[in-house]
Amino acid sequence: MGRAKAQSGAFPTGNAPGPKKAEEQFKNIQVLKGIPADQLIPGMQFITASLGVECEFCHVQGAFEKDDKKPKQTARKMMEMMFAINKDNFDGHREVTCYSCHRGRPVPVGMPPVMAEEAKGVTVAKNSGEGIGEGVEGKVVAGPTPDQIFDKYLQAVGGAAAVEKITSRVMKGTITFGDSNVPIDIFSKDPDKRISFTHTPEGDSVTAFDGHEGCLGFPKRPVREMHGPDIDAAAMDADLHFAAHLKSMFSDVKLQGTEKVGDHEAYLVIGQREGKTPLRLFFDQQSGLLVRLVRYGETPLGQLPTQIDYSDYRENGGVKIPFRWKLARPGGRFTIQVSEVKQNVPVDDARFARPPAPPEQPKGPAK
């Protein structure tokens, strides 16, 4: 969890040249010319999530610039069509996206599915206003103000003084994705530094953030820089004083209503952030604890959601923290279960350094 603030380290200032455009950094860009280069990969991720495919569905492996595959040419036409629909019918607002028709399938869905289970309504708060969730029907409910909900959450985790005393946190546990269950180590340090090491049989996967910039390292693959949505998410995850920063995080915040998370009713608070995507925060009505957070990664084609469910809260070092969290994205999900936590222990800044590039693989004999 972390502070949703602007991270300036990755962006030029003063008279420095602006960020590169997609066509300046990548080859054979035709439809998405003019967008920032760091938005191209998130845009491609939006397509894979919307169609339920991998990169190779459209691209030639190892030569993404080639136009050999027909689905790539079709994708260009579909993006142009989508842009035109929004321009001609919605004043340029992005109302129609790839997912509007595809719904996770390579071929657009043209027939309504049968109802597999009873539909569940969402309770909407009085005077909820605009924002995500607008238009959902349900009974109007009265409730506390967002500030009162934030105050209860802060007290539930130990109070402002206890939260602000935390300067570092070291966690050990396991991460489960699919049939795999492997160890993970997470190091956090104020202000806003965080790195995790997932110990897989192939080697360590590393997610590193130093408070300004970040990168992702995977076994036998090049290190990937964080950009845009990744930076925003890393800043949230790295902030050790998240509960104390909620009130100053948003430009506008509303109680949207209540929803059931697990076995408990939770207040849904939607916070708008200046220049950033909104957050949906779910607070347990009884305990006041944050039990779910939904954030959105902005891409040129649409927003990619990430949902994190927090549970198994335990007191450690004077504050309550979740020992279990489940993270779900359109492309998959995983669960982290923490087994050991140490607060306010020394953590060297060098710990958050960029992971080394993987060693070059030896070339085979010439044929």
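This is a predicted model: local features need pLDDT of at least 70, side-chain atom pairs count only at pLDDT 80 or more; totals for chains, interfaces and linings use all residues.
**Packing of α5 and α8**

Two packed helices are described by the angle between their axes and the distance between the axes. For helix α5 (residues 146-156) and helix α8 (residues 242-249), the angle is about 165 degrees and the axes lie 9 Å apart. Angles over 145 degrees count as roughly antiparallel, and α5 and α8 are therefore roughly antiparallel to each other. Their crossing is left-handed.

On the α5 side, the contact is made by D147, F150, D151, Y153 and L154. On the α8 side, F242, A243, A244, L246 and K247 take part. Sorted by type, the residues of this contact comprise seven nonpolar and three charged ones, with no polar residue.

Because D151 lies in helix α5 and K247 in helix α8, the pair ties together parts that are 96 residues apart in sequence. Both partners fall between the limits of 20% and 50% relative accessible area. K247, at 46%, therefore counts as partly exposed, and D151, at 34%, is likewise partly exposed.

**Other salt bridges**

The structure holds 16 salt bridges.

| Salt bridge | N to O distance |
|---|---|
| R76 and D67 | 3.1 Å |
| D237 and R295 | 3.1 Å |

The side chains of D237 and R295 meet in a salt bridge. R295 has a relative accessibility of 6% and so counts as buried.

The side chains of R76 and D67 also meet in a salt bridge. Buried means under 20% relative accessible area, so R76, at 12%, is buried. D67 has a relative accessibility of 27% and therefore counts as partly exposed. Through salt bridges that share partners, D67 and R76 belong to one network together with K72.

Conventions:
Residues are numbered from 1 along each chain as its sequence is written. Side-chain values use heavy atoms; hydrogens and water are left out. Axes are lines fitted to C-alpha atoms, for helices over the stretch in contact, and angles run from 0 to 180 degrees between N-to-C directions. Helices (H or I, at least four residues) and strands (E, at least two) are DSSP runs, numbered from the N terminus. Angles under 35 degrees count as roughly parallel, over 145 as roughly antiparallel, 65 to 115 as roughly perpendicular and the rest as oblique. A crossing is left-handed if the near helix is turned anticlockwise from the far one by less than a right angle, and right-handed if clockwise. Contact means heavy atoms within 4.5 Å. Ala, Val, Leu, Ile, Met, Phe, Trp, Tyr, Cys and Pro count as nonpolar, Asp, Glu, Lys and Arg as charged, and the others, Gly among them, as polar. A salt bridge is a side-chain nitrogen of Lys or Arg within 4 Å of a carboxyl oxygen of Asp or Glu. Buried means under 20% relative accessible area, exposed over 50%, partly exposed in between (1.4 Å probe, protein chains only).
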